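Morning, everyone. Please look at the sequence and the model on the screen while I talk.

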Amino acid sequence: NLVLGLFIAVAALACATVLLTRALIRLKRKQHKRIPVRGATLKASGMEVGNAHHIGKRGNQEDSFAISDLTNDKLCRHAGVLAVVADGMGGLADGELVSGGVTSSVMREFPLLPESWTMPQKLLFLVEKANEAGNAVTGGVKSHGGSTMLITLIQDGSLWFASVGDSRICLVRGGGLITLTRAHVYETDLDRKAAGREISFEAASADSQRRALTSYIGMGELEHVDCSQQPVTLMAGDWIVLMTDGVFNELTNEEIAHALRGTAPEAAERIERLVLAKGDPHQDNLTAVLLRVF
C-alpha cells in the first residue's frame, strides 16, 4: 500500500508539473513575443523588418515568430538583430505550445548570451534551450507534438543562421532567390537508399512518408541541427526571408522574389495577399519574416 501510495503521488506530481509548464509557456509566449506592427517601419543596424502572419484555413494558429528589440541600440550593437520562426506541427497535440515555447525561450535567452561566444555557439545554445522548452511540453515523445525552428542572427553586416525541420531561410539578391537551409525530411534518407540501390527511385518517390520530418523541436534528442559555420556577407539591397511551409508551398521562388520590393512591411503584406489569393481550401498557417538590408 505504501508503494502504491508513493506511485500515485509521483504520478500526480508529474501531471501537475506538465500542466504548470504549459501554463508558464503560454505566459512567457505573451511576455516575450515581439511582433512589429505591419505597416510600421522599424530600422536598426541598416535593416528594415516586416512580417506576414495569417491563420489560413486552419482552426488555430500554430506558427509563432519573434524579433529582437530593434529599438534597443545597445542590444543591436553588442548582440545583433535576431529573428526566430517556429511552425507547430499541424495535427499533433500541443503544436501551438511547442512553437510558442521556441520563440519565448529564444527571446528570453538571447540578451543573456556571453559576448565571448562564437556565433555558432550562440545559435546552438538557443536551439538547445528551445528544444528543452519543447520537450517540457511533449515529454520528448514524438507523437505528442513538435515544431520546426529557424533562427537568423545579423551583426556587423554578416548573417548567421540555424534551422531544425523544413521551414526555410532564403537570401534574395538581385532578383534571385537562394535557399540557405535544407529540409530535415525522410525524402533525403529515401533518395540516399535509392542511390545505394537499396530501393528503387520509383519506390522512393512514391513513399507516402516522403515529406515526414526527421528532426523537429520537442522530439527528444534532435536528429539534425543545421548551423552556419561561416557568415553570409550581406549587401545593400539584400532580403532575408524566414518562412513556414504555408508560404513556400503556395508561392514559387520567382513569385516570392518578385514580391520583395518597396518597404519590408509592404513586401510582407504583398506576400500574404499572394498566398491567400491562391484560394487553397486547405491553406496552412502562414508566416514570413522579412529583413531588408539598405
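Helices (H or I, at least four residues) and strands (E, at least two) are DSSP runs, numbered from the N terminus. Just after helix 4, Gly139 takes a positive phi of about 75 degrees.

A word on sources. This is a predicted model, where local features need pLDDT of at least 70, side-chain atom pairs count only at pLDDT 80 or more, and totals for chains, interfaces and linings use all residues. Residues are numbered from 1 along each chain as its sequence is written, and side-chain values use heavy atoms, with hydrogens and water left out.

Now the whole chain. It has 9 helices and 12 strands. Of its 294 residues, 49% count as buried, meaning under 20% relative accessible area with a 1.4 Å probe, protein chains only.

Back to helix 4. How far apart are its end C-alpha atoms? They are 29 Å apart. The expected span is 1.5 Å times one less than the number of residues, so the 20 residues, 119–138, should span 28 Å, which agrees.

Next, the core. A nonpolar core is a set of buried Ala, Val, Leu, Ile, Met, Phe, Trp, Tyr and Cys residues joined through side-chain atoms within 4.5 Å. The largest one has 31 residues. Leu82, Val84, Val106, Met149 and Ile151 have the most contacts inside it. Helix 4 gives the largest share of this core, 6 residues.

Last, Ile151. Contact means heavy atoms within 4.5 Å. Leaving aside neighbours within four places in sequence, Ile151 touches several residues, among them Leu123, Leu126 and Val127. Its contacts also include Leu82, Val84 and Trp160.

Technical notes
Buried < 20%, exposed > 50% of the residue type's maximum accessible area, 1.4 Å probe, protein only.
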